[in-house]
Amino acid sequence: MAPKIVSLFFFLSVLTVSELAGIYGSGGYPIVVSTWPFREAVRAAWRSVNDHGSSAIDGVVDGCSACEELRCDGTVGPGGSPDENGETTLDALVMDGTTMEVGAVAAMRYVKDGIKAAKLVMDYTEHTMLVGEKASIFAISMGLPGPTNLSSSESIEKWVKWKENNCQPNFRKNVVPAKSCGPYHVHYDSSSALERSCGLSREGSSERSPLGDGNHLQTLEDKSNIINYHNHDTISMAIIDKVGHIAVGTSTNGATFKVPGRVGDGPIAGSASYADDEVGACGATGDGDIMMRFLPCYQVVESMRQGMEPRHSAADAISRIARKYPDFIGAVFALNKNGVHAGACHGWTFQYSVRNSSMNDVEVFTVVPSD
């Protein structure tokens, strides 16, 4: 009896201390689940897997491709989220929950079809991820259109206004200049502190770091003020097809005004998405620089493998991040192999979209964080 009481107390603590998890889902498949109210993307995926009988992996590609073409919220596909140089680049991933194969592209330039490029990596290489301009060359060589300018008049206008505002806000820290545009250099005090934190002296002996003794978490600069729904978003989609196979996919153009070369959580297996036919799937969205440090979707799926319900696994994964970064913004949805789904969030109200055979159309579920 005691273990059951402890287990119940743990679950109640997770839901109370971190965030309120959405509890939904009647089960069954095929089913399509996606972050945010990206209805047209979910409809495209549903037509693929339900009407045309496509596989889960093809359905994910069709759904995410629709979002890229529609430039969902300006955060998916070309034409949005300029980096510090005003350029738009793409991150994308597909994962097959049957074979555990993954294909991904990151910081990809000049090719507008991110999710299709990721699928090409999975289908025609032994690799998991290709990055940057080399990913673009590969995608074009395999038949995708390009090279293409991924910027738009809207993204350039946004970038120009940001430059006029002294490149504020941005993702730099411990650099000079701190309140204007670059070029940036390491701040001398920051460099000295870093050297001292290594505990080195001229004699080669160790000395105590003025930053702490290593036994306590140091205060970290919070960047949540520049992370929100409209500038830092991802479509993460999970599908269970008619035969019960599971696949996930993600696509994003990343964080607005990111440092060039930055790769977020979107193309990282286990972070923005993860799938295993034996268990279920997960999708995530939010501050990818923080979330990828915790692999929340891997955590969600593994928690379900150990017997947690989707609502508990989602809340637990988010609470693990919130304990270390109480000001972070993010969310996950969990989907088990029976089609039961739930969500959890922190720092914002999260919505995710679902379509299954019991619904007449896409339905949007809202998850509200606890106070």
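## Burial in helix H4

A residue is called buried here when its relative accessible area is under 20%, and in this predicted model that cut-off can be applied to helix H4, which spans residues 114–124. The residues of H4 that are buried are Gly114, Ile115, Ala117, Ala118, Lys119, Leu120, Val121 and Met122. Because eight of the eleven residues of H4 are buried, the helix is largely enclosed by the rest of the structure.

The cover over these buried residues is provided by helices and strands from several parts of the chain, including helix H3 (56–70) and helix H5 (132–141). Strands also contribute to the cover of H4, among them S3 (90–96), S4 (102–108), S5 (129–131) and S9 (246–252).

## The chain as a whole

The protein chain contains ten helices and 15 strands, and buried residues account for 53% of its 371 residues. Its accessible surface comes to about 16,900 Å², with carbon and sulfur atoms making up 53% of that area.

## Burial in helix H9

Helix H9 is likewise largely enclosed by the rest of the structure, because seven of its ten residues are buried. Those buried residues are Pro296, Cys297, Val300, Val301, Glu302, Ser303 and Met304, and what covers them includes strand S10 (273–276), strand S11 (280–286), helix H8 (288–291), helix H10 and strand S12 (330–336). Just after H9, Gly307 adopts a positive phi of about 110°.

## How H9 meets H10

The axes of H9 (residues 296–305) and H10 (residues 310–324) come within 9 Å of each other and cross at roughly 140°, which means that H9 is oblique to H10. The crossing of these two helices is right-handed.

On the H9 side, the contact is made by Pro296, Gln299, Val300, Ser303 and Met304, and on the H10 side by Pro310, Ser313, Ala314, Asp316, Ala317, Arg320 and Ile321. Taken together, the residues of this contact divide into seven nonpolar, three polar and two charged. An α-helix has 3.6 residues a turn, so residues three or four places apart point the same way. Of the H9 residues that meet H10, which include Pro296, Val300, Ser303 and Met304, these four also belong to the buried set of H9.

How values were computed. Residues are numbered from 1 along each chain as its sequence is written. This is a predicted model: local features need pLDDT of at least 70, side-chain atom pairs count only at pLDDT 80 or more; totals for chains, interfaces and linings use all residues. Side-chain values use heavy atoms; hydrogens and water are left out. Buried means under 20% relative accessible area, exposed over 50%, partly exposed in between (1.4 Å probe, protein chains only). Accessible areas come from the Shrake-Rupley method with a 1.4 Å probe; for residues, only the protein chains shown count as cover. Axes are lines fitted to C-alpha atoms, for helices over the stretch in contact, and angles run from 0 to 180 degrees between N-to-C directions. Angles under 35 degrees count as roughly parallel, over 145 as roughly antiparallel, 65 to 115 as roughly perpendicular and the rest as oblique. A crossing is left-handed if the near helix is turned anticlockwise from the far one by less than a right angle, and right-handed if clockwise. Contact means heavy atoms within 4.5 Å. Ala, Val, Leu, Ile, Met, Phe, Trp, Tyr, Cys and Pro count as nonpolar, Asp, Glu, Lys and Arg as charged, and the others, Gly among them, as polar.
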